[in-house]
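Here are my notes on the structure, as numbered points. Please keep the structure open while reading them.

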Amino acid sequence: MATSFSATKVLQPLPLNSTRSAEKPLLAQSLKGSSSFLGSSSHKLSFNKPFSPPQSQRRSNAVVAVSDVVKEKKSKSKSSISNLLITKEEGLELYEDMVLGRAFEDMCAQMYYRGKMFGFVHLYNGQEAVSTGFIKLLKKEDSVVSTYRDHVHALSKGVPARQVMSELFGKTTGCCRGQGGSMHMFSKEHNVLGGFAFIGEGIPVATGAAFTSKYRREVLKEADCDHVTLAFFGDGTCNNGQFYECLNMAALWKLPIIFVVENNLWAIGMSHLRSTSDPEIWKKGPAFGMSGVHVDGMDVLKVREVAKEAVGRARRGEGPTLVECETYRFRGHSLADPDELRDPAEKNHYATRDPITALKKYIFENNLASEAELKAIDKKIDELVEESVEFADASPVPARNQLLENVFADPRGFGIGPDGRYRCEDPKFTEGTAQV
Ligand SMILES: Cc1ncc(C[n+]2csc(CCOP(=O)(O)OP(=O)(O)O)c2C)c(N)n1
Ligand SMILES: [Mg+2]
């Protein structure tokens, strides 16, 4: 839909014979970019200044609200049905997925503080429009690669809530049999190729998955193999070398991959604008010969329009896309983070842009569904999430001898002693011995 792209900034790769000299000097571009892009309040290191909405207003030419897109469409045609960005069924599917993500994460917070989960737990609240907007367009065979903030990506891709919750509880019924935990969601069946604790670690895995699809189609002649891969990662991760290496390879080999940057403006307590020379991440796509797109990541309909274009390009064999979704996390970096570094005014500003509220508004304004219908979805999801907790709680913990499974290709010599038994079966195993 042509109008939807008024909601975004899109850069196509430069033609081979063009040079940067035809453009504005890079430094000027970057300075201009940093003064007119992104809504973080701390880029001038003015942590205590009141949050200034003009930042986001100044870039509102590029990122407009869904309601504006709709208004624009309405003025061109009188048929309201054909103007809509989604059908009723699509609207309800998107709503349900976002509500599931939110309710699941809220429940995780409760369970974490009750001591049901171990290690770090990073929640996705506020970013739901990105996961839903992209993943709900995928086929089952398509792959998703996530980060440590991975529960909701797994849910959107169809991993049952009870399997994700059980994994968080470290139980055998979890999607990794309780061996992965919060940061390592994986499901072969759903082509969720992992959450990763090290930042940037998933990007080469995603690039490899995309290479596999291309190899199967072009070398093994599996003509129907048009699978695409989505790699999700954050703004802070874009300052990591693996990101650039993979952009290069993906563009070079025209891989069916979409690099989805969830720019929530912060990397733990480090402001994106303070740590990145050119904060407009989407511009890095054309530098490698691929399209770069910036989209309002608090608006699921705009994300979905951008995703359609990028997924279509990948499926047609026309190569990768770099999409920067500008979003915000509503909670601290992890549940162990007191979240005292971010300006409350900034947090309040983004709270007013809640992606679930925005979709609800769109649904009501366009008479796609009634309040009762949405409430029924809320209730269904609450029950589903409650059930996932009951299931996880009642599930068994793994046996001790599962500890080293899937850690080494052949655990003999590492985890298995000369008697053929797992060393971890020795009651003294957890006391820490140099032999293991
Ligand atoms: C290789 C590596 N270096 C450092 C860290 C520590 N670390 C954990 S999260 C994080 C910030 C990442 O921020 P971003 O990519 O913006 O993702 P977000 O948490 O905002 O989703 C860092 C530096 C890590 N996990 N891995
Ligand atoms: Mg971030």
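1. Helix H13 is mostly covered, with twelve of its 16 residues buried. This is a predicted model, and the points below should be read with that in mind.

2. Strand S8 covers residues 321-326, and six of its six residues are buried, so the strand is largely enclosed by the rest of the structure. Which residues of S8 point one way, and which the other way? Thr321, Val323 and Cys325 point one way, while Leu322, Glu324 and Glu326 point the other way; all are buried. In a regular strand, side chains alternate between the two faces of the sheet.

3. S8 pairs with two strands named here. Strand S4 (residues 257-263) runs parallel to S8 and is joined to it by six bridges. In this pairing, Val260 stands opposite Val323 of S8. Strand S7 (residues 291-296) also pairs with S8 in the parallel sense, over six bridges. Here His294 has Glu324 of S8 as its bridge partner.

4. The helix and strands of the points above can now be put together. S7, H13 and S8 make a β-α-β unit, and the unit is right-handed. Within this unit, H13 has twelve buried residues out of 16, and S8 has six out of six.

5. Turning to the ligand, how many residues surround ligand 1? There are 15, and the closest are Phe198, Gly234, Gly236, Thr237 and Ala267. The shell divides into seven nonpolar, five polar and three charged residues. Strand S3 (229-234) and strand S5 (266-267) each supply at least two residues of this shell.

6. Last, the chain as a whole. Its secondary structure comes to 16 helices and eight strands. The chain has 436 residues, of which 44% count as buried. Among contacts with a separation of 6 or more, 75% are between residues 24 or more positions apart.

Conventions: Residues are numbered from 1 along each chain as its sequence is written. Chains are lettered from A and ligands numbered from 1 in the order in which they are written. This is a predicted model: local features need pLDDT of at least 70, side-chain atom pairs count only at pLDDT 80 or more; totals for chains, interfaces and linings use all residues. A residue is near a molecule or strand if its C-beta atom, placed from the backbone, lies within 6 Å of it. Helices (H or I, at least four residues) and strands (E, at least two) are DSSP runs, numbered from the N terminus. Ala, Val, Leu, Ile, Met, Phe, Trp, Tyr, Cys and Pro count as nonpolar, Asp, Glu, Lys and Arg as charged, and the others, Gly among them, as polar. A residue is buried if 20 or more other C-beta atoms lie within 10 Å of its own, exposed if 12 or fewer, and partly exposed in between; C-beta atoms are placed from the backbone. Two residues are in contact if their C-beta atoms, placed from the backbone, lie within 7 Å. Two strands pair if DSSP finds at least two bridges between them. A crossover is right-handed if, with the strands pointing away from the viewer, the path from the first strand over the helix to the second runs clockwise.
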